[in-house]
Structures are given as structure tokens and as C-alpha cells.
Amino acid sequence: MPIDAVAAPAPGMYTGEVTRAPKQAMDSEVFMSLLVTQLRNQDPSSPMDTNQMIAQTTQLAMMEKISALADTNQESFSLQMRMAAAALVGKDVTFTRADGTTGSGTATAVSYAGSVPRVTVGSETIGLDSVAGVSAGVAPAPAPVP
């Protein structure tokens, strides 16, 4: 019985390589990996001092708490930017354009689509970080009473 030939896959289709993005920061996973490696490779005649192990474990806990605090701080800053942008609606703002010229007008809308809120002033949409000044908007004239 004849056997059909198997075609080779297209180049680059299956490389067999697993690519991994390198970590840019130390995290608890890296720390624990280092600690386990250190314990595996320690000299049995002179094991690691328990005080050192406790100190390293404490450092791990501190690192995790600092990372959590940094995340909370970032979220808080993002929320503050959103609140500041929302507070601009109805106010007269002065802003600096990308070309260095200044503009002004009344803020009419806010978009939170990007990392920095964007404020609509007249026909232009500017980043919150481009706002140079804010003043109270002109209140509409009250309707005449008959």
C-alpha cells in the first residue's frame, strides 16, 4: 500500500520556538524563584541563616505592598484627572495648541477614551494637560419675567 508524501509546512508557520517577553521589574514570582534556587544550591554544611530568610521574606512582603500602593496611586491620579476634566464643562478655558499658539473658549464636553482626558472647546478637542487657565463661564441671561 503506497504512503502519500507529507508536505512541509510553510516557512514560519511552525517554528517550535516559544518567545517570552522579558520582565522589566522584579515581582514576587522572580523573588520566590531566586529564593528557591538559593535554598537548592546552599551548602549543606552551612545552611542559610534563618534571620536572613526572614529578612528576605519581609522584603518580599514589603515589595508586594509597595507595588499595590503604586497601583492604587495610579488609579487615584487617573480619577483625579477625570474629575478635573469634568469640572471644566461650562467654564471658559485657555489652552496651548501643539504648535505653541494659544486658544480659548468654553468647554462643552469631555472624553475619557485615552489615558489623558480630552476636553472639547469650540470645534477643537484638547488634552487636559494642554489647559493653561480656567475662569467661570458666562452665565446665560435669565429669561424675562412677564
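1. The count comes to 1 salt bridge, a term that denotes a side-chain nitrogen of Lys or Arg within 4 Å of a carboxyl oxygen of Asp or Glu. The model is predicted: local features need pLDDT of at least 70 and side-chain atom pairs pLDDT 80 or more, while totals for chains, interfaces and linings use all residues. Residues are numbered from 1 along each chain as its sequence is written, and side-chain values use heavy atoms, with hydrogens and water left out.

2. The salt bridge joins the side chains of Arg97 and Glu124, at 2.9 Å from N to O. Arg97 sits in the loop between strand 1 (92-96) and strand 2 (102-111), and Glu124 belongs to strand 4 (residues 124-127), so the pair ties together parts 27 residues apart in sequence. Strands are DSSP runs (E, at least two residues), numbered from the N terminus.

3. Arg97 is partly exposed, at a relative accessible area of 28%; Glu124 is also partly exposed, at 26%. Here partly exposed lies between buried (under 20% relative accessible area) and exposed (over 50%), with a 1.4 Å probe and protein chains only.

4. An open sheet is formed by 5 strands in the order 4-3-2-1-5, with antiparallel pairing; two strands pair if DSSP finds at least two bridges between them. Strand 4 and strand 5 (131-135) are the edge strands, each pairing on one side only.

5. Strand 4, which carries Glu124, pairs with strand 3 (residues 118-121) in the antiparallel sense over 4 bridges. Within this pairing, Val119 has Ile126 of strand 4 as its bridge partner.
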